[in-house]
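Let's take a walk through this fold, beginning with a word about what counts as touching. Have the sequence and the model open side by side.

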Amino acid sequence: MIKKIGLTGGIGSGKTTVSRIFGSFGFQVYYADLRAKTLYAEDKELKDQVIRAFGKNIYTVKGEIDRRQLAKIVFQDKSKLELLNKIVHPATFRDFVKWFKVLKSGSYCKPFILKETAILYESGSDVQLDGVIEVYAPKQVRLHRVLKRDGVIPQEVLARMDKQFPESFKLFHSDLTIYNDNSHHLIPQVQNAISFFS
């Protein structure tokens, strides 16, 4: 049986960096946040629902979601964020199930796969999984990383952080923590996680 392991952490924690290390060891990773971006354009049902909820102008002339505009709307209005989540999460769940089914029917022989998502608990994704890894970094470290990466103002990042579950909640509910705080080496921690879930 191939286990499904969640990989989560707050914005700027370094989930993708950790995921890529698992990938270098041959583990398959479903990048939920990246797939959601694709589904905004590819999944007709999802696209129609987003347009009904937020208007046609939420998509560019090229048919791509205007992520900056959408973020401004949902991170300033809790009800809008909840509405968006109700639209997007079912589409991502369906896509993950299809992805995993295809993987299982092939020649994949590792003991688990990873589902990387920023809002694992917020979306209810944890109920689909056999375990969870939390990637942890202190708030100031995460803030600095996101400001450098995205070129946004601190208030935007802090607003997004405030919409995610507290790190204390995620640390308590995860099965394993990987510390990406600039003082712990990642590869030995990933190797430990591989042993733990194998």
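When two elements are said to meet here, they are in contact, with heavy atoms within 4.5 Å. Keep in mind, too, that this is a predicted model.

With that in hand, look at a pair of helices. The axes of α7 (residues 139-150) and α8 (residues 154-163) come within 10 Å and cross at roughly 125°. Angles over 145 degrees would count as roughly antiparallel and 65 to 115 as roughly perpendicular, with the rest oblique, so α7 and α8 are oblique to each other. Their crossing is right-handed. From α7, the residues in the contact are Lys-139, Arg-142, Leu-143, Val-146, Leu-147 and Asp-150, and they meet Pro-154, Val-157, Leu-158, Arg-160, Met-161 and Asp-162 of α8. Sorted by class, that contact has seven nonpolar and five charged residues, and no polar ones.

Now turn to the sheet. It's an open one, built from five strands in the order β2-β3-β1-β4-β5, with parallel pairing. At the edges sit β2 (29-31) and β5 (176-179), each of which pairs on one side only. On average, neighbouring strands are turned by 25° against each other, direction ignored.

Val-29, for instance, has Leu-114 in β3 as its bridge partner.

Helices lie across these strands as well. Helix α2 (residues 32-42) lies across β2 and β3, at about 50° to β2. Helix α10 (residues 186-197) lies across β1 (3-8), β3, β4 (131-136) and β5, running at about 165° to β5.

Methods
Residues numbered from 1 in each chain as written. Predicted model: local features only at pLDDT ≥ 70, side-chain atom pairs only at ≥ 80, totals over all residues. Heavy atoms only, no water. Pairing = 2+ DSSP bridges. Helix = DSSP H or I, 4+ residues; strand = E, 2+ residues; numbered from the N terminus. Axes fitted to C-alpha atoms, helices over the stretch in contact; angles between N-to-C directions. Parallel < 35°, antiparallel > 145°, perpendicular 65-115°, else oblique. Left-handed = near helix turned anticlockwise from the far one by under 90°. Nonpolar A, V, L, I, M, F, W, Y, C, P; charged D, E, K, R; others polar.
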